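Hi,

Here is the structure I promised to pass on. Have a look at it, and then read my notes below.

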Amino acid sequence: ATLIISVIVLNQIVGPPLFKQAVKIMGEDHSKLAGSGFEGIRDVVIFGADGQALALSRSLISQGWRVKVAVLKGVARTDAPPDVEMVHLHALGLTDLKGLGADRAGAIVVMLPDDDSFRICELAYEHFGTQTLIARVSGRDNFARFQALGVLIVDPATAIVNLLDHFVRS
């Protein structure tokens, strides 16, 4: 009985750390990369080209942020203001995001369909260690997978109510 209890206790102490290390060695841990820290320049990359993305970019530029708005090839915006840097991407892959400079951004805001937004957030989480990830999520059933990455979620259905509530209380 003593031998069995000893083996169980030893297994409970040594097993979890070894299992975690094995998962990490296999590359299946999906852990967040350590970020590079604040470099003194407030950079943000906004994915999306709708009116809200452009309004956010203008607001951030007026507050001293360096903003890039990324859109997929084929999405044309003729009403983009000249002070907003529009970058056209061929795809939402790791090399495209690095070429955009998303790996050095302090914040990434995604305003795309939920699957594309999650892909960008996952890449930024695992490969860039981006300090702040913000996503406009349209499907409530997708909240859990964004939250697992530590993404700050904006729900369009309740965002205006929260904003009005904030104004009333302030």
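**The sheet**

The open sheet is built from 6 strands in the order β3-β2-β1-β4-β5-β6, and the pairing is parallel. β3 (85–89) and β6 (152–154) stand at the edges with a single partner strand each, so one side of each has no neighbour in the sheet. From one strand to the next, the twist averages 20°. Do keep in mind that this is a predicted model.

β1 pairs with strand β2 (residues 66–72) in the parallel sense, over 5 bridges. If you want a spot to start from, V44 has V67 in β2 as its bridge partner. Towards the other end of the order, strand β5 (residues 132–136) and β6 are also parallel, with 3 bridges between them. There, R136 has V154 in β6 as its bridge partner.

Strand β1 (residues 43–47) is mostly covered, with 5 of its 5 residues buried. Which way do its side chains go? D43, V45 and F47 point one way from β1, while V44 and I46 point the other way. The residues on both sides are buried.

**The chain as a whole**

Zooming out, the chain has 6 helices and 6 strands. Along the sequence they follow the pattern α-β-α-β-β-α-β-α-β-α-β-α. There are 170 residues, and 32% of them count as buried. The chain exposes about 10700 Å², with carbon and sulfur atoms supplying 60% of that. As for contacts between residues at least 6 apart in sequence, 52% join residues at least 24 apart.

**A pair of rings**

How many aromatic pairs does a search of the whole structure find? It turns up 1. The pair is F118 with F146, and it is edge-to-face: the rings are 5.5 Å apart centre to centre, with 85° between the planes. F118 lies in helix α4 (residues 114–128) and F146 in helix α5 (residues 143–147), so the pair ties together parts that are 28 residues apart in sequence. Both F118 and F146 are buried.

R145 lies over the face of the F118 ring, at 4.5 Å from the ring centre.

Cheers

Technical notes
Residues are numbered from 1 along each chain as its sequence is written. This is a predicted model: local features need pLDDT of at least 70, side-chain atom pairs count only at pLDDT 80 or more; totals for chains, interfaces and linings use all residues. Side-chain values use heavy atoms; hydrogens and water are left out. Two strands pair if DSSP finds at least two bridges between them. Helices (H or I, at least four residues) and strands (E, at least two) are DSSP runs, numbered from the N terminus. Axes are lines fitted to C-alpha atoms, for helices over the stretch in contact, and angles run from 0 to 180 degrees between N-to-C directions. Rings of Phe, Tyr and Trp (its six-membered ring) pair if their centres lie within 6.5 Å; planes under 30 degrees apart count as stacked, over 60 as edge-to-face and the rest as tilted. Buried means under 20% relative accessible area, exposed over 50%, partly exposed in between (1.4 Å probe, protein chains only). A charge sits over a ring if NZ of Lys or CZ of Arg is within 6 Å of the ring centre and within 35 degrees of the ring normal. Contact means heavy atoms within 4.5 Å. Accessible areas come from the Shrake-Rupley method with a 1.4 Å probe; for residues, only the protein chains shown count as cover.
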